[in-house]
Amino acid sequence: MLPDLGVCPSLAEDGAPRCALESSCRRIPVSAHLARVGLLIAFLSTLGCFVRAPGVGMNMAEGDTLISVDYEIFGKVQGVFFRKYTQAEGKKLGLVGWVQNTDQGTVQGQLQGPISQVRHMQEWLETRGSPKSHIDRANFRNEKVIVKLDYSDFQIVK
């Protein structure tokens, strides 16, 4: 049976508090309790905290600092589906950005997303790449904290 939404659900059916500690709840409408919860959430939000209901997933920006970093990968990285695998790995990690071949035989691009996921992608770019690639080195530069993502997807630039 659902509680009467007009009064505090901690009250017994006769309107008496269920315990001595709940006496302050007596006759306080549920809407007043909800208003206090709303103020608490607003206050925590101003501190950079967030509140997540159980079972609700976090979006990319919650709970992790967003960063942007440029990269260039050297080695046998062209003609081996490196861009396609990079795009797939980036999307799998929930990152946005772009990847393209250069005239110098390298692959370059930009990653944006939560710092933990960007770190995973940087490791992947340095050590794995596509199955037929051979990575000599990876350079990362222009790393910066960002407030919002500049891209909505991870694109291959031709």
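View 1. Helix H2 spans residues 82–92, and its buried residues are Phe-82, Thr-86, Gln-87, Glu-89 and Gly-90. Seen down the axis of H2, these fall within an arc of 165 degrees, so they line one face of the helix. The arc is taken from the directions that run from the helix axis to the C-beta atoms. Lys-84 and Lys-92 are exposed on the other side of H2. Buried means under 20% relative accessible area, exposed over 50%, and partly exposed in between (1.4 Å probe, protein chains only). Helices (H or I, at least four residues) and strands (E, at least two) are DSSP runs, numbered from the N terminus. This is a predicted model: local features need pLDDT of at least 70, side-chain atom pairs count only at pLDDT 80 or more, and totals for chains, interfaces and linings use all residues. Residues are numbered from 1 along each chain as its sequence is written, and side-chain values use heavy atoms, with hydrogens and water left out.

**View 2. Packing partners of H2.** The buried residues of H2 pack against strands S1 (66–76), S2 (96–101), S3 (107–114), S4 (134–145) and S5 (154–156), and against helix H3 (115–127). Contact means heavy atoms within 4.5 Å.

**View 3. Positive phi angles.** Phe-81 sits in the loop between S1 and H2. Its phi is near 60 degrees, a positive value in a residue other than glycine. Phe-81 is exposed, at 59% relative accessible area. Just after H2, Gly-94 has a positive phi of about 80 degrees. Asn-142, in strand S4, also has a positive phi, near 60 degrees. Asn-142 is partly exposed, at 49%. Most residues other than glycine have a negative phi.

View 4. A salt bridge places a side-chain nitrogen of Lys or Arg within 4 Å of a carboxyl oxygen of Asp or Glu. The count comes to three. Lys-92 pairs with Glu-89, with closest N and O atoms 3.4 Å apart. Both lie in H2, three residues apart, about one turn of the helix. Lys-92 is exposed at 63%, whereas Glu-89 is buried at 14%. Lys-91 and Asp-153 form a salt bridge at 3.7 Å, N to O. This pair links Lys-91 in H2 to Asp-153 in the loop between S4 and S5, 62 residues apart.

**View 5. Helix H3 and strand S4.** Arg-119 and Glu-143 meet in a salt bridge at 2.8 Å, N to O. Arg-119 lies in H3 and Glu-143 in S4, so the pair ties together parts that are 24 residues apart in sequence. Gln-122, also in H3, is buried at 9%. Leaving out residues up to four places away in sequence, Gln-122 touches Val-69, Leu-111, Phe-140 and Glu-143.
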